[in-house]
Amino acid sequence: MTPIVLMLTETSPDRLTLAGLAVLHQILESMGCDIVTATDLNDALAILQNTKIDTAFCTLSVSGGTAFDLLSRARERDLCTAPFIIITIVQTPNQDQLIGKACTASGAIYMNLSGYDSDEEMRCEVKKLIPQTC
């Protein structure tokens, strides 16, 4: 069975975020995952309601709210049983710590795409986060 990954990203990411997301997308595809892309918060909720998602990746800021809004609404409706990973590219250690603490408090997993020295290091981390082998 092929794992299904939900991907919801901000509508106008900066170049650095785009580069990190491109690497993540490439890693997921190379692992054989089916990637379902949501366009906004409501679209993501509809996908979670209608599709068994194995892992969800969401940037901090998204159309219609934040990753935390999506996680909260999905849990209210009992739609989120898969690992929920909030992805970002953080520039400062203080930002990194604050987002990491917020993720821990909400039950989300935090993944700073700028925190990897190589694509292979990121690939190893992604493999740990997806419950089934892609």
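Two strands count as paired here if DSSP finds at least two bridges between them. Keep that in mind for this predicted model.

Start with the sheet. Its 5 strands run in the order S2-S1-S3-S6-S7, and the sheet is open. The pairing is parallel. In general, strands of a sheet pair through backbone hydrogen bonds, either parallel or antiparallel. Now look at the edges. Strand S2 (34-38) stands at one of them and strand S7 (109-112) at the other. Each has a single partner strand, so one side of each is left without a neighbour in the sheet.

S1 covers residues 4-8 and S3 covers residues 55-59. They pair in the parallel sense over 4 bridges. Within this pair, Met-7 stands opposite Phe-57 in S3.

A helix packs on the sheet. This is H3, residues 67-76. H3 touches S1, S3 and strand S6 (84-88). The direction of H3 makes about 170° with that of S6.

H3 has a helical partner too. Helix H2 (residues 41-50) packs with H3 at an angle of about 35°. Their axes are 10 Å apart. The crossing of H2 past H3 is right-handed.

Which residues meet where H2 and H3 touch? H2 brings Leu-41, Asn-42, Ala-44, Leu-45 and Leu-48. H3 brings Asp-69, Leu-70, Arg-73 and Ala-74. By class, the residues of this contact divide into 6 nonpolar, 1 polar and 2 charged.

Conventions:
Residues numbered from 1 in each chain as written. Predicted model: local features only at pLDDT ≥ 70, side-chain atom pairs only at ≥ 80, totals over all residues. Heavy atoms only, no water. Helix = DSSP H or I, 4+ residues; strand = E, 2+ residues; numbered from the N terminus. Contact = heavy atoms within 4.5 Å. Axes fitted to C-alpha atoms, helices over the stretch in contact; angles between N-to-C directions. Left-handed = near helix turned anticlockwise from the far one by under 90°. Nonpolar A, V, L, I, M, F, W, Y, C, P; charged D, E, K, R; others polar.
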